[in-house]
Every structure is written in C-alpha cells, then in structure tokens.
Amino acid sequence: MERLNKIFAEWAKDDKKTELKSEKVELARKAPSVEKDFQKLDVKLQKAEDKIDKAFTTYKKNWTEFQSSIKEVAQDRKELEGDIAEIAQIALDLGVSFNDVKGLKEAQDLSRKLDGLVKDLPKLYKEPK
C-alpha cells in the first residue's frame with residue numbers, strides 16, 4: 001500500500017510539472033497578445049484625440065472669425081442707421097411720409113433684426129478656452 005502511495009505521489013508531481021509547463025506556455029503566448037490589444041486601444045484613443053483636437057482648433061478659429069464678423073456688422077449697421085435717420089429727416093423736410101420712401105421701412109426693419117442678432121449671437125456659442 002505504501003508503495004502505491006509513493007507511485008501516486010510521483011504521478012502527482014509529474015502532473016503538476018506538466019500543468020505548470022502548459023501554464024507557462026499559455027502565459028508566454030498570452031502576454032504579447034494582451035500587449036498588442038493595449039497598443040490597439042492606445043492607437044484608437046490617439047486617433048480620437050487627434051480628431052477632437054483638430055475639430056477644436058477649427059472651432060476656435062471659426063469662433064474668432066465669427067466674433068469679428070459680429071463686430072463688423074454691428075459697426076456697419078450703426079453707420080447705416082445714420083443714413084436711415086438722414087433720409088428720414090430729408091423726407092420729413094420735404095413733407096414725405098417715412099413709410100412712403102421706397103425701401104426705408106424695410107431697411108429699418110433689417111437694422112432692428114441685425115441689432116437683435118448682434119446682441120444675441122455672441123451668447124449662443126461658448127468661447128473656446
């Protein structure tokens with residue numbers, strides 16, 4: 001009986017060695033595979049970051065140009081408002097109604113619309129930081 005126990009103990013040792021060897025082989029194959037998967041994730045994230053950086057840079061440039069356009073429109077609108085006032089005064093001096101001057105009422109309506117837009121549009125888009 002003791003002899004059988006020794007044989008079984010030997011087999012168990014051999015079996016453990018074989019099991020350890022197969023686990024080492026599996027580990028040796030698995031580690032590079034995991035590293036490769038991490039490299040793929042790194043590349044994926046880098047591409048996404050590059051894409052958002054490019055979009056942000058474009059947004060920042062466009063936002064700056066947009067703000068400049070708003071300032072230009074506001075300035076030009078004020079100058080044209082002076083023209084409307086001048087034309088209205090001349091019409092009044094001639095005894096012509098403001099509404100009878102072709103295009104004057106429409107110009108004033110557009111001026112009011114632009115005034116509202118110039119005030120509201122800058123609030124619509126956040127300044128990039």
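Helices are DSSP runs of H or I with at least four residues, strands are runs of E with at least two, and both are numbered from the N terminus. The structure is a predicted model, in which local features need pLDDT of at least 70, side-chain atom pairs count only at pLDDT 80 or more, and totals for chains, interfaces and linings use all residues. Residues are numbered from 1 along each chain as its sequence is written, and side-chain values use heavy atoms, with hydrogens and water left out.

**Exercise 1.** State how many helices and strands the protein has, and what share of its residues is buried.

Solution. The protein has two helices and zero strands. Helix α1 covers residues 2-94, and helix α2 covers residues 104-124. Buried means under 20% relative accessible area, exposed over 50%, and partly exposed in between (1.4 Å probe, protein chains only). Of the 129 residues, 9% count as buried.

**Exercise 2.** Describe the salt bridge between Glu-81 and Arg-77, and the surroundings of Arg-77.

Solution. A salt bridge is a side-chain nitrogen of Lys or Arg within 4 Å of a carboxyl oxygen of Asp or Glu. For Glu-81 and Arg-77 the N to O distance is 3.7 Å. Both residues lie in helix α1, four residues apart, about one turn of the helix. Finally, look for contacts (heavy atoms within 4.5 Å). Not counting residues up to four places away in sequence, Arg-77 touches Ser-111, Leu-114 and Asp-115.

**Exercise 3.** Which residues form the nonpolar surface patch, and what is their accessible area together?

Solution. Patches are made of residues with over 30% relative accessible area and no salt bridge; like charges are joined within 9 Å, and nonpolar side chains (Val, Leu, Ile, Met, Phe, Trp, Tyr) within 5 Å. Phe-56, Tyr-59, Leu-124 and Tyr-125 form the nonpolar patch, with about 390 Å² together. Areas come from the Shrake-Rupley method with a 1.4 Å probe; for residues, only the protein chains shown count as cover. Phe-56 is in helix α1 and is partly exposed, at 36%.
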